[in-house]
Structure formats: structure tokens, C-alpha cells
Amino acid sequence: ERIYHTDSGTFTIEGGDNLVLSIQMSNTGPDRKIHATPIKKTHKFTLSSNGEELRMISADGKVALFRRSDTLAK
């Protein structure tokens, strides 16, 4: 398995239901060069009333669903 780049970044919430991710990419080669301009992605999001489920919807309609878990994956 070879890793070609890593992502890190920050997020903000705009308008109450827009999650804006600012993604900074860097390669994993010997120079570890960081790309100059972060990539910005905006997703609509909803949080369930009990806080157990986060749903993000991209501009093209793809859905990412995150559920709270009390166990760690190994």
C-alpha cells in the first residue's frame, strides 16, 4: 500500500446548515511539499435530534452518513 498524499484542514459552518471544509493537501514524498491553495468543499448537513447521526450532502447529491459509536475500529 502506498500513500500519495495526506489531507488536513479546517471547517466552518455558514448559514446554519452549510459545512465548509478547507482541505490542505500535501504529498508524502521526501520533500513533503504542501499545495499552496486549499481546496474548499461545501456540504449541506443535518444532525439528528439526539446527536447520534450526522448526514452531509454534496452539491452533486452524494450523501455521507456518520453515526456515533462507542467502540473503536481495529
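In which strand is His43 found? His43 sits in strand β3, where strands are DSSP runs of E of at least two residues and helices are runs of H or I of at least four, both numbered from the N terminus.

Before going on, the conventions. This is a predicted model, in which local features need pLDDT of at least 70 and side-chain atom pairs count only at pLDDT 80 or more, while totals for chains, interfaces and linings use all residues. Residues are numbered from 1 along each chain as its sequence is written, and side-chain values use heavy atoms, with hydrogens and water left out.

Back to His43. Is His43 buried or exposed? His43 counts as buried because its relative accessibility is 14%; buried means under 20% relative accessible area, exposed means over 50%, and partly exposed is in between, with a 1.4 Å probe and protein chains only. Leaving out residues up to four places away in sequence, His43 touches Asp17, Asn18, Leu19, Leu21, Met56, Ile57 and Ser58. A contact here is heavy atoms within 4.5 Å.

Now the overall fold. The protein has 0 helices and 5 strands, and along the sequence that reads β-β-β-β-β. The strands form an open sheet in the order β1-β2-β3-β4-β5, with antiparallel pairing. Strands β1, residues 5–14, and β5 are the edges, each pairing on one side only. On average, neighbouring strands of this sheet are turned by 30 degrees against each other, direction ignored. Those angles are between axes, which are lines fitted to C-alpha atoms (for helices over the stretch in contact), on a scale from 0 to 180 degrees between N-to-C directions. Two strands count as paired if DSSP finds at least two bridges between them.

A few totals. The protein has 74 residues, and 12% of them count as buried. Of the contacts between residues at least 6 apart in sequence, 14% join residues at least 24 apart. The accessible surface is about 6400 Å², and carbon and sulfur atoms account for 55% of that. Areas are from the Shrake-Rupley method with a 1.4 Å probe, and for residues only the protein chains shown count as cover.

Phe11 lies in β1. Phe11 counts as exposed because its relative accessible area is 55%. Its contacts, leaving aside neighbours within four places in sequence, are Leu19, Val20 and Leu21. Leu19 and Leu21 are also on the contact list of His43.

On to the pairings later in the chain. Strand β3, residues 39–47, pairs with β4 in the antiparallel sense over 4 bridges, and Phe45 has Met56 as its bridge partner in β4. Strand β4, residues 53–57, is joined to β5, residues 63–67, by 5 bridges, again antiparallel. There, the partner of Arg55 is Leu65. The two strands form a hairpin with 5 residues between them, and Gly61 in the turn has a positive phi of about 90 degrees.

How many salt bridges does a search of the whole structure find? The search finds 4, a salt bridge being a side-chain nitrogen of Lys or Arg within 4 Å of a carboxyl oxygen of Asp or Glu. Glu53 meets Arg55 at 3.4 Å, N to O, and Glu53 meets Arg67 at 3.1 Å, N to O. Together Glu53, Arg55 and Arg67 make a network of salt bridges. Glu53 is partly exposed at 22%, Arg55 is partly exposed at 33%, and Arg67 is exposed at 61%. Another salt bridge joins Asp60 and Lys62 at 3.7 Å, N to O. Asp60 is exposed at 55%, and Lys62 is exposed at 59%.

Last, the hairpin surface. Ile57, Val63 and Leu65 form a nonpolar patch with about 220 Å² of accessible area together. Patches take residues with over 30% relative accessible area and no salt bridge, joining like charges within 9 Å and nonpolar side chains (Val, Leu, Ile, Met, Phe, Trp, Tyr) within 5 Å. Ile57, in strand β4, is partly exposed at 32%, and Ile57 is one of the residues that His43 touches.
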